[in-house]
Amino acid sequence: MSWVDVVLINAGRRIAPLWPRLFIWLAKRYPFRATRDVPLTHLNKPLSACRVALLTTAGLHLDDQPPFDMKNPLGDWSFREFPRSTPRARFRLSDVQYDRRGVDHDLNVVFPLDRLEELAAGGLIGEVAPRHFGFMGYILKTDALVRSTAREVAARLRQDATDAVVLTPA
Amino acid sequence: MLEGEGIATVCISFVRQISERVRPPRGLLVPARGGFTMGAPGDAAAQRRRLRAALALLESVTDAGTLAQEVVPLRN
């Protein structure tokens with residue numbers, strides 16, 4: 001990807017939320033990491049016995065964690081960890097480019113942790129995982145994401161014996 | 001990455017063009033806009049319904065790269 005692409009994508013993402021057609025145009029040109037052989041892991045137990053975590057790319061962080069770096073033209077591939085019991089009032093939103101009014105009113109519109117707790121209480125899933133994770137959605141340097149931070153998040157999910165993850169963008 | 005580590009995933013998406021390019025192992029395409037992925041703020045029933053639909057794909061999908069469309073109930 002050239003620096004011209006980086007500059008165009010950066011300019012576009014700042015005004016795209018105001019113009020949905022531009023958002024689609026941008027999405028078609030965004031250098032998403034192509035997947036040829038899509039992997040698929042089957043659950044080895046019923047969903048009602050599974051431990052489930054959330055992973056959001058909404059740009060959330062906690063009040064004692066640094067916000068995501070929104071100024072880096074290549075994006076920010078770091079992650080934030082959210083313990084299950086975190087009071088909802090401690091969640092913050094980085095200076096994201098999307099409409100933040102929904103999140104400001106109800107965290108569940110991008111990070112449905114309360115809904116997941118309810119489904120666990122109702123027996124649809126076995127239990128809610130002890131840790132959840134957050135990234136920001138804008139990451140051009142996907143190699144760094146795959147090599148370092150995504151690998152680290154996968155390791156932590158395995159430490160927690162998490163069976164499944166629901167990914168939510170914003 | 002996660003699937004390769006033995007962790008099943010399902011990705012909720014509201015832009016078909018992105019999902020068709022990225023091809024998550026299991027995808028749920030929902031009628032939403034940026035910042036409102038799970039539905040309207042305060043609408044717990046709709047958010048729960050959407051999350052249930054995503055979780056159901058963890059058991060029902062047998063082909064990698066399946067992109068399902070959320071079935072939205074009609075309003076009276």
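In what order do the elements of chain A run from the N terminus on? In this predicted model, they run α-α-β-β-β-β-α-α-β-β-α-β. Chain A has five helices and seven strands.

**Chain A overall**

- Chain A has 170 residues, and 36% of them count as buried.
- Among the contacts in chain A with a separation of 6 or more, 79% are between residues 24 or more positions apart.

**Helix H5 of chain A**

- Helix H5 of chain A covers residues 142–159.
- H5(A) has 18 residues, which at 1.5 Å a residue should span 26 Å; the C-alpha atoms at its ends are 24 Å apart, in agreement with that figure.
- H5(A) has a kink of about 35 degrees, and the kink is centred on A:Ala150.
- A:Ala150 is also one of the buried residues of H5(A), together with A:Leu145, A:Val153, A:Ala154 and A:Leu157.
- The cover over these buried residues includes S1, strand S6 (131–134) and S7 of chain A.
- Just after H5(A) comes A:Ala161, with a positive phi of about 55 degrees.

**The contact between the chains**

- Chain A gives 45 residues to the contact, and chain B gives 39 residues.
- On the side of chain A that touches chain B, two or more residues come from each of helix H2 (20–29), helix H3 (101–105), helix H4 (113–121), H5 and S7.
- H5(A) supplies the largest share of that side, six residues.
- By type, the residues on that side of chain A are 28 nonpolar, eight polar and nine charged.

**Strand pairing across the chains**

- S7(A) pairs with S1(B) in the parallel sense, over four bridges.
- Within this pairing, A:Val166 has B:Val10 in S1(B) as its bridge partner.

**The largest nonpolar core**

- The largest nonpolar core has 55 residues.
- The residues with the most contacts inside this core are A:Val52, A:Val165, A:Val166, B:Val10, B:Ala54 and B:Leu55.
- In chain A, strand S1 (51–56), helix H5 and strand S7 (164–168) each supply at least two residues of the core.
- Which residues is A:Val165 in contact with, leaving aside its neighbours within four places in sequence? They are A:Ala53, A:Leu55 and A:Leu157 from chain A, and B:Leu2, B:Ile7 and B:Thr9 from chain B.

Methods: Residues are numbered from 1 along each chain as its sequence is written. Chains are lettered from A and ligands numbered from 1 in the order in which they are written. This is a predicted model: local features need pLDDT of at least 70, side-chain atom pairs count only at pLDDT 80 or more; totals for chains, interfaces and linings use all residues. A nonpolar core is a set of buried Ala, Val, Leu, Ile, Met, Phe, Trp, Tyr and Cys residues joined through C-beta atoms within 7 Å. A residue is buried if 20 or more other C-beta atoms lie within 10 Å of its own, exposed if 12 or fewer, and partly exposed in between; C-beta atoms are placed from the backbone. Two residues are in contact if their C-beta atoms, placed from the backbone, lie within 7 Å. Ala, Val, Leu, Ile, Met, Phe, Trp, Tyr, Cys and Pro count as nonpolar, Asp, Glu, Lys and Arg as charged, and the others, Gly among them, as polar. Two strands pair if DSSP finds at least two bridges between them. The expected span of a helix is 1.5 Å times one less than its number of residues. The bend at a residue is the angle between axes fitted to the seven residues ending there and the seven starting there.
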